[in-house]
Amino acid sequence: MKATYFFGIIMASLLPISLSVAASLTDERQATLEHLLIQDCGSCHGLRMTGGLGPPALTPQILADKPPRESLIASVMFGRPGTAMPPWNALLNEQEATWMIDRLLQGVTPP
Ligand code: HEC
């Protein structure tokens, strides 16, 4: 078993995933997360999530072929060791990381 895959499974298993996350975040917090997604995540992954200078695109089409939602959430929370992808768990809780992945799965378009 590849170490990175194993890491993803371990981390994903630590996350209690709720299916209705959006319902439990305030509108204000969701606006902050949307801003973070476009400004911060977008600075590497591209404003339109179509990929930057290296980091992968995070469009719904691309994500459809990627690992399951839980391991994408784990990538956001814990980063990808050995790559430029930083961990976000100092800024986001699991619920918020889940919200972000769900936004990406729906497709993000900057204003
Ligand atoms: C400093 C640059 C940088 C920033 C900022 C960044 N990422 Fe990443 N991200 C990366 C790189 C590089 C990878 C690819 C890691 C790898 O090769 O495994 C990645 C991978 C990912 C993946 C896994 C995609 C896949 O193909 O499996 C997700 C999901 C992701 N990032 C989401 C985010 C989100 C959400 C944010 C903002 C909270 C963010 N990233 C901010 C550089 C960044």
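Just after helix H6 (residues 94–106), Gly107 takes a positive phi of about 105°. Helices here are DSSP runs of H or I with at least four residues, numbered from the N terminus. This is a predicted model, in which local features need pLDDT of at least 70, side-chain atom pairs count only at pLDDT 80 or more, and totals for chains, interfaces and linings use all residues. Residues are numbered from 1 along each chain as its sequence is written.

The chain has a mean pLDDT (the predictor's confidence in each residue, from 0 to 100) of 86, and 78% of its residues reach 70 or more.

| Element | Mean pLDDT |
|---|---|
| Helix H1 (residues 3–13), lowest | 55 |
| H5, highest | 97 |

The ends of H6 agree with its length: at 1.5 Å a residue its 13 residues should span 18 Å, and its end C-alpha atoms are 18 Å apart. The expected span is 1.5 Å times one less than the number of residues. Buried residues of H6 include Trp99, Met100 and Leu104; buried means that 20 or more other C-beta atoms, placed from the backbone, lie within 10 Å of the residue's own.

Helix H3 (residues 27–45) bends by about 30° at Leu37, the angle being taken between axes fitted to the seven residues ending there and the seven starting there.

Of the 21 residues around the ligand, Cys41, Cys44, Pro55, Thr83 and Met85 come nearest; a residue is near if its C-beta atom, placed from the backbone, lies within 6 Å.

Note on methods: Helix = DSSP H or I, 4+ residues; strand = E, 2+ residues; numbered from the N terminus. Buried ≥ 20, exposed ≤ 12 C-beta atoms within 10 Å, placed from the backbone.
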